[in-house]
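Please have a look at the structure first, and then read the points in order.

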Amino acid sequence: MKVFSRSVVAACAGAALLAAAGCGGGAAKQKPEPTQEKQGLSQVDPCTMVPPEVLESFGLRGPGEPDSNTSSEPGCYFNGERIAGIFYKNQEKTVESYGRQDNWAKFDRAEVDGRPAASAIDKGSTQARICSALFDAGGGVIILTVTEKRDQGLDECAEGLKIAEAIAPRMPR
């Protein structure tokens, strides 16, 4: 992907995640999640959480490039011919807490590997062909942000959920 295109994808994804991370601050406090669960996700590396064979099956190439635009959500960028993706983890939030935010144009709840999940499009990304698939893991959430490189009629949300289905069984509960 050209540097300019990657920058646009990263900027859109980063803006969506920053908006998501910053919303919902005035709500009542949630009970803290057990420390043991958070440690499970702390061991997950966004650049290695998707095995090479899974990346290849979706047309993505590794190794990924670390993406640290948001410190609370370390991520990794993967390029491909049809799609590109930035895969993140967040140890502080869950699908439920993301769903309460008002920055979504679409937030469709789902289930992946028996876990709460969703596909979501940020209000600022409705024309950008970017969708995030989220699922709970290890006391936090895994976020798979997928963008279609050229309008080929792909469903970015469905692609993200397919990747989530492929990797969720390998992630801590």
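1. Is Cys157 buried or exposed? At 5% relative accessibility, Cys157 counts as buried; buried means under 20% relative accessible area, exposed over 50% and partly exposed in between, with a 1.4 Å probe and protein chains only.

2. A word on the source: this is a predicted model, where local features need pLDDT of at least 70, side-chain atom pairs count only at pLDDT 80 or more, and totals for chains, interfaces and linings use all residues. Residues are numbered from 1 along each chain as its sequence is written, and side-chain values use heavy atoms, with hydrogens and water left out.

3. Searching the whole structure turns up two disulfides, each being a pair of cysteine sulfur atoms within 2.5 Å. Counting the bonded cysteines in sequence order, the pairing reads 1-2, 3-4.

4. Cys157 has Cys131 as its disulfide partner, at 1.9 Å from S to S. Cys131 sits in strand E6 (residues 130-137) and Cys157 in helix H5 (residues 156-167), so the pair ties together parts 26 residues apart in sequence. Helices (H or I, at least four residues) and strands (E, at least two) are DSSP runs numbered from the N terminus. Cys131 counts as buried because its relative accessibility is 1%.

5. In the other disulfide, the sulfur atoms of Cys47 and Cys76 are 2.0 Å apart. This pair links distant parts of the chain, 29 residues apart: Cys47 is in the loop between helix H2 (35-42) and helix H3 (52-57), and Cys76 is in strand E2 (residues 75-80). Cys47 and Cys76 are both buried.
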